[in-house]
Amino acid sequence: MTAQLLSKRIGSTLVLTLSNPDARNALDPVMYTASLEALDRAANDNEIRAVIFTGAGNAFCAGGNLNRLLENRSKPRSVQEDGIDALNHWIETIRTFPKPVIAAVEGPAAGAGFSLVLACDFAIAASDAKFVMAYVNVALTPDGGGSWHIARFLPRPLASEIIMLGKPVSAERLAHFGLINEVVKPGEALDQALALAEKLAAQSPHAVGRIKGLIAHAEDASLHDHLKAEQLSFVEALHHADGNEGISAFLQKRKPQYR
């Protein structure tokens, strides 16, 4: 079977499924293109409040296809550079996407599949899910922002263990360090991700989008610059229609109705 990205709308959530069953959902440039197109449509669809990435069958994503990578050695270096450019564009698009993105992980998330999970805003993982940056095991180095996220958000000894030894890490251990939001029973990751998406959908989409932007801004900004960004965002949120609805609903002791 060929690699493809399956798209399904469930309520106000768009579920994107990596599907390449014969290769444990290994990534393919076709998936990058399809995902970027789906995210572009979702960004402009007010009815969609969140996006979930998951994998078909019993795996989330095995990362890159080693057979394809081996073939690329006989081609100009630009071929592989272009492929990684496409992956990087995908990762950056997820990070800057104006709505919450959730990873629902069952089974292995390896290489760039692990990077994909790290790029999402939330991650729900089955208790038997395994995360691995196995690049070093085939004499390669990480891509897709994997080393960036791991080095920033995990202690250096653990980051070195994961990246330099290619040692698998459990969902429970990543949850301990805050990289996984919730560990659930096998087979329940997507259901729990959908439940999380419903909670997010009840919030103001305008506020949620701005908060996601503030979180990203805080990673590189000084406190002075970030305080200014918070000020601008707060004033914009207050004068947005959602701000009026949110405050009014709270004072009137009713649930807000955001559009």
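**Figure 1. Residue classes and elements around the second largest pocket of the predicted model.** In this predicted model, the lining of the second largest pocket consists of 15 nonpolar, three polar and four charged residues. The volume of this pocket is about 530 Å³. Of its 22 lining residues, those closest to the centre are Arg95, Cys120, Asp121, Phe122 and Ile215. At least two lining residues come from each of helix H4 (112-119), strand S6 (122-126), helix H5 (146-153) and helix H9 (205-218). Helix H9 contributes the most to the lining of the second largest pocket, namely five residues.

**Figure 2. The largest pocket and its lining.** The largest pocket has a volume of about 1000 Å³. It is lined by 36 residues, and Leu66, Leu69, Gln80, Tyr135 and Leu140 are the closest to its centre. Two or more lining residues are given by each of helix H1 (29-43), helix H2 (66-72), helix H3 (77-96) and strand S5 (108-110). The largest share, six residues, belongs to H3. By class, the lining of the largest pocket comprises 21 nonpolar, eight polar and seven charged residues.

Figure 3. Serine 115 is located in helix H4. The relative accessible area of serine 115 is 0%, and this residue is therefore classed as buried, the limit for that class being under 20%. The side chain of serine 115 reaches the backbone nitrogen of glycine 146 at a distance of 3.3 Å. When residues up to four places away in sequence are not counted, serine 115 touches Ile91, Met133, Tyr135, Asp143, Gly144, Gly145 and Gly146.

**Figure 4. An open sheet of three strands.** The strands of this open sheet follow the order S5-S7-S8, and their pairing is mixed. Strands S5 and S8 (169-170) form the edges, each pairing on one side only. In general, the strands of a sheet pair through backbone hydrogen bonds, in either a parallel or an antiparallel sense.

**Figure 5. The pairing of strands S7 and S8.** Strand S7, which spans residues 130-132, pairs with S8 in the antiparallel sense, and two bridges join these strands. Lysine 130 has serine 170, in S8, as its bridge partner.

Key: Residues numbered from 1 in each chain as written. Predicted model: local features only at pLDDT ≥ 70, side-chain atom pairs only at ≥ 80, totals over all residues. Heavy atoms only, no water. 1 Å grid on protein atoms, 1.4 Å probe; cavity = no way out; pocket = protein on both sides within 12 Å on 5 of 7 lines; lining within 4 Å. Points joined across faces, edges and corners; volume = space filled by probe spheres on them. Helix = DSSP H or I, 4+ residues; strand = E, 2+ residues; numbered from the N terminus. Nonpolar A, V, L, I, M, F, W, Y, C, P; charged D, E, K, R; others polar. Buried < 20%, exposed > 50% of the residue type's maximum accessible area, 1.4 Å probe, protein only. Polar contact = N/O pair within 3.5 Å; in protein donor to acceptor, adjacent residues only side chain to side chain. Contact = heavy atoms within 4.5 Å. Pairing = 2+ DSSP bridges.
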